[in-house]
Amino acid sequence: MTLPIWIYAVVVGIVISALMAIKTGREERQLEMENIELEGEIYMKRLEREKEMRQELKATGE
């Protein structure tokens with residue numbers, strides 16, 4: 001039993017498409033994690049500045 005060549009082309013296309021989807025998903029997840037880490041660092045710096053400001057206000061207020 002022989003299959004037409006276009007069937008092989010379709011199967012190869014499906015495999016390539018699946019591999020590209022997996023690759024893109026991994027890259028997207030990595031970028032998302034980097035963005036989350038950056039936002040976390042910014043938030044922690046803001047908390048640290050607020051803490052320092054409170055300590056200064058407390059020191060000058062007494």
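Helices here are DSSP runs of H or I with at least four residues, strands are runs of E with at least two, and both are numbered from the N terminus. Ser-17 is found in one such run, helix H1.

The model is predicted: local features need pLDDT of at least 70, side-chain atom pairs count only at pLDDT 80 or more, and totals for chains, interfaces and linings use all residues. Residues are numbered from 1 along each chain as its sequence is written, and side-chain values use heavy atoms, with hydrogens and water left out.

**Overall form**

The chain has one helix and zero strands. Its radius of gyration is 27 Å, well over the 11 Å that the globule rule gives for 62 residues, so the chain is more spread out than a compact globule. The radius is taken over C-alpha atoms, and the rule is 2.2 Å times the number of residues to the power 0.38. Along the principal axes, the C-alpha atoms fill a box of roughly 95 × 10 × 5 Å. Helix H1 covers residues 5–61.

Distances along the chain can be given for a few pairs. Ser-17 lies 16 residues from Met-1 in sequence and 27 Å from Met-1 in space, C-alpha to C-alpha. Leu-47 and Glu-28 are 19 residues apart along the chain, with 29 Å between their C-alpha atoms. Ile-36 and Gln-55 are also 19 residues apart, and their C-alpha atoms are separated by 29 Å.

**Exposure**

A residue is buried under 20% relative accessible area, exposed over 50%, and partly exposed in between (1.4 Å probe, protein chains only). Buried residues make up 0% of the 62 residues in the chain. The chain exposes about 6200 Å², and carbon and sulfur atoms supply 64% of that area. Accessible areas come from the Shrake-Rupley method with a 1.4 Å probe; for residues, only the protein chains shown count as cover.

The table lists some residues of the chain.

| Residue | Relative accessible area | Class |
|---|---|---|
| Trp-6 | 55% | exposed |
| Ser-17 | 45% | partly exposed |
| Ile-36 | 45% | partly exposed |
| Leu-47 | 29% | partly exposed |

**Charges**

The structure holds one salt bridge, a term for a side-chain nitrogen of Lys or Arg within 4 Å of a carboxyl oxygen of Asp or Glu. This bridge joins the side chains of Glu-50 and Arg-46 at 3.5 Å, N to O. The two residues are separated by about one helical turn, because Glu-50 and Arg-46 are four residues apart in helix H1. Glu-50 is partly exposed at 33% relative accessible area, and Arg-46 is partly exposed at 40%.

The chain carries 9 positive and 12 negative charges, whose mean positions are 2 Å apart. Lys and Arg count as positive and Asp and Glu as negative, while His and the chain ends are not counted. The place of a charge is NZ of Lys, CZ of Arg, CG of Asp or CD of Glu.
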